Every structure is written in structure tokens, then in C-alpha cells.
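User: I have a structure open and would like to go through a few spots in it. Can we start with the loops and then move on to the helices?

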Amino acid sequence: MARPLLPAAPLHRVLRRLRAAESLTWEELAAQAGVTPRHLFRLLAAERISEGVADRIACRLGLHPVLLWPTEWLRTDAEGRCGGADSEAV
């Protein structure tokens, strides 16, 4: 089964707002997001991103992914992503 893709627009907004609010360079923003500048520009050009990338970057920015993707994140959780109702505790 293919992993779910999320719209990249919410992440784009957060990254651009963070850059403007903290007067960050693109390199500083990339470092804060935990990616290379090249990866950052690829993210900003993307229309959709994987669930794993969304989770990792949102957490690096100090946000829970559900704050950026409220309906999409909960939908993928119900479909059996880690922590879903059907998953087994480890």
C-alpha cells in the first residue's frame, strides 16, 4: 500500500511565516527544519509531501502535524498509521 501524501501548502505557509517572523536566511530556515537548503527548496516547490517528511519537519519546528493537517492527519491515523486504533502498542 502506498503511503499517504499530504498537501504541502500548510507546510509552505509555516515555513514562510517562520522565515519572515525570525528574519532567517534560507540556510538558517533549512537548518531549523532539519533539512538541507536544496531539500527545503524542493519542499517549497512540491504540491504534496509524504507523511514521514511532514511529521519530521513539523516536529523539528515544534509543531504537531495535526496542527498543520487537521483532517488529513487524523484520516491517515484512522487508516492504520502508527498510533491508530487498529495498531498494537509496543
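User: Where is Ser23 placed?

Analyst: Ser23 is in the loop between helix H1 (9-22) and H2. Keep in mind that this is a predicted model.

User: Is Ser23 buried or exposed?

Analyst: Ser23 is exposed, because its relative accessible area is 64% and the cut-off for exposed is over 50%.

User: What is the phi of Ser23 near?

Analyst: The phi of Ser23 is near 50°, which is a positive value in a residue other than glycine. Most residues other than glycine have a negative phi.

User: Changing topic to rings. How many aromatic pairs are there?

Analyst: The count is one aromatic pair. The ring centres of Trp26 and Phe41 are 5.2 Å apart and the planes are at 55°, so the pair is tilted. Tilted covers what is left between stacked, under 30 degrees, and edge-to-face, over 60.

User: Which helices do those two residues sit in?

Analyst: Trp26 is in helix H2 (residues 26-33) and Phe41 is in helix H3 (residues 37-45). The two residues are 15 residues apart, and the pair links distant parts of the chain.

User: And what about accessibility, how does Trp26 count?

Analyst: Trp26 counts as partly exposed because its relative accessibility is 25%. Phe41 is also put in the partly exposed class, with a relative accessibility of 41%.

User: Which residue lies over the face of Trp26?

Analyst: That is Arg19, at 3.8 Å from the ring centre of Trp26.

User: Now the helices. At what angle do the axes of H1 and H3 cross?

Analyst: The axes of H1 and H3 cross at roughly 130° and come within 9 Å.

User: Which residues make the contact?

Analyst: From H1, the contact residues are His12, Leu15 and Arg16. From H3, they are Leu40, Leu43, Leu44 and Ala45.

User: What classes are in the contact of H1 with H3?

Analyst: The contact of H1 with H3 has five nonpolar residues, one polar and one charged.

User: Last one: where does Arg13 lie?

Analyst: Arg13 lies in helix H1. Arg13 counts as partly exposed, because its relative accessibility is 44%.

User: How many residues apart along the chain are Arg13 and Leu68?

Analyst: Arg13 and Leu68 are 55 residues apart along the chain, and their C-alpha atoms are separated by 9.5 Å.

Note on methods:
Residues are numbered from 1 along each chain as its sequence is written. This is a predicted model: local features need pLDDT of at least 70, side-chain atom pairs count only at pLDDT 80 or more; totals for chains, interfaces and linings use all residues. Side-chain values use heavy atoms; hydrogens and water are left out. Rings of Phe, Tyr and Trp (its six-membered ring) pair if their centres lie within 6.5 Å; planes under 30 degrees apart count as stacked, over 60 as edge-to-face and the rest as tilted. Helices (H or I, at least four residues) and strands (E, at least two) are DSSP runs, numbered from the N terminus. Buried means under 20% relative accessible area, exposed over 50%, partly exposed in between (1.4 Å probe, protein chains only). A charge sits over a ring if NZ of Lys or CZ of Arg is within 6 Å of the ring centre and within 35 degrees of the ring normal. Axes are lines fitted to C-alpha atoms, for helices over the stretch in contact, and angles run from 0 to 180 degrees between N-to-C directions. Contact means heavy atoms within 4.5 Å. Ala, Val, Leu, Ile, Met, Phe, Trp, Tyr, Cys and Pro count as nonpolar, Asp, Glu, Lys and Arg as charged, and the others, Gly among them, as polar.
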